[in-house]
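User: Hi! I am new to protein structures and would like to learn how to read one. Could you take me through some features step by step?

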Amino acid sequence: MTVEATQIAATRIAQAGVEAVDAVATLAELTALETTLLGKKSELSMARRSLGSLEPDQRREAGAAFNATREALGAAIEARRSELAAAEHRASMEAEALDLTRFIGPVNRGHVHPVTATRERLEDIFIGLGFEVAEGPDLETDWFNFGALNIPPHHPARGMHDTFHLDLGGPGDYVLRTHTSPVQIRHMRAVTAERGGPPIYAIMPGRVYRNERTDATHLAALHQLEGLVIDRDITLGHLAGTIDTFIKTYFGTEFETRFRPSYFPFTEPSAEVDMRTAGGDWLEIGGCGMVHPTVLRNGGIDPEMWSGFAFGFGIDRLAKMRHDVPDIREFVANDVRFLSQF
Ligand code: DAH
């Protein structure tokens, strides 16, 4: 090997290498090529190793030529690497680009169930009248659902309620509440414990359960809105005025109410509330009355000092009337064609 021959070889390796580097199309290919050109088994490394047979002076000169080749190849590889990296970045940005001007059609959004919307509307009306909203459990003890409300065991009024008894505790200990009236007791006790007693102006909405057949006007799981007012010198007039105000706010000022004497164990006197529909018929919408002294006592309130009224309405039934729904079971059929009308 002569110095001249090694210089020629160095130049040829450099030219061929730079051409190969320029021809590479991806970063992965470039990395593989880098090993081929500069690795231990590359032509360049092999040629370098053969310099051992030259005189020291010649070896230095020939070595310089190979070093120049190595540098030229290294520079070409780095230049190509940044070109390819930029191109790949550009391609991925283009592939992931979002067209923010593209029109997307209307999205179908759900909304609250009409019975929930009715409940919220009723709550708003009473909150506007200065009432607070209280709640109680769906699963009740026999005492809260009946006993505390002046309906002791074997009382004939129990026949008015088709009760779901639960297989829990002793026989008859627990029921699915048949009305929201037990929340009256819970709320009176809570108010007495938390703020020493009345005045109370509260509504208690919630789900109740009846073990009976459903039809166009009855559901086995329905919603009630209970009302309770306890203060000094509360009269039947306050009761009638409150209910009339509530009906006129919810249905419209042209809707009249009337009170028919009735019986509930937890109120005395008791009445049923009718309202006159657009068609002119009177329709029953709930019960009400002056809170029975026994019920006040069970709520921890002294009936000598305080008096009050209570009422209970069916929320589903109010929604049915307000929206002219012919069959109350539509509310639980979950047919979007029905629900989307609201
Ligand atoms: N709890 C009764 C029912 O579900 C409705 C009712 C009547 C509630 C009179 C009251 C009331 O608060 O005073 O049939």
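Analyst: An oxygen atom of the ligand is 2.6 Å from an N or O atom in the side chain of E226. A polar contact is a pair of N or O atoms within 3.5 Å; within protein, one must be able to donate a hydrogen and the other to accept it, and residues adjacent in sequence count only if both atoms are side-chain atoms. Please keep in mind that this is a predicted model: local features need pLDDT of at least 70, side-chain atom pairs count only at pLDDT 80 or more, and totals for chains, interfaces and linings use all residues. Residues are numbered from 1 along each chain as its sequence is written, and side-chain values use heavy atoms, with hydrogens and water left out.

User: Is T118 buried or exposed?

Analyst: Buried means under 20% relative accessible area, exposed over 50%, and partly exposed in between (1.4 Å probe, protein chains only). T118 has a relative accessible area of 3%, so this residue is buried. T118 lies in helix α5 (residues 114-128); helices (H or I, at least four residues) and strands (E, at least two) are DSSP runs, numbered from the N terminus. A polar atom of the T118 side chain is 2.7 Å from the backbone oxygen of P114.

User: How do I read a pair of aromatic rings?

Analyst: Such a pair is described by the distance of the centres and the angle of the planes. Rings of Phe, Tyr and Trp (its six-membered ring) pair if their centres lie within 6.5 Å; planes under 30 degrees apart count as stacked, over 60 as edge-to-face and the rest as tilted. The whole structure has 14 aromatic pairs. One of them, F131 with Y201, is edge-to-face, at 5.9 Å centre to centre and 85° between the planes. F131 sits in the loop between α5 and β1 (132-133), while Y201 is in strand β4 (residues 200-209), 70 residues apart.

User: How accessible are F131 and Y201?

Analyst: F131 counts as buried because its relative accessibility is 8%, whereas Y201, at 30%, counts as partly exposed.
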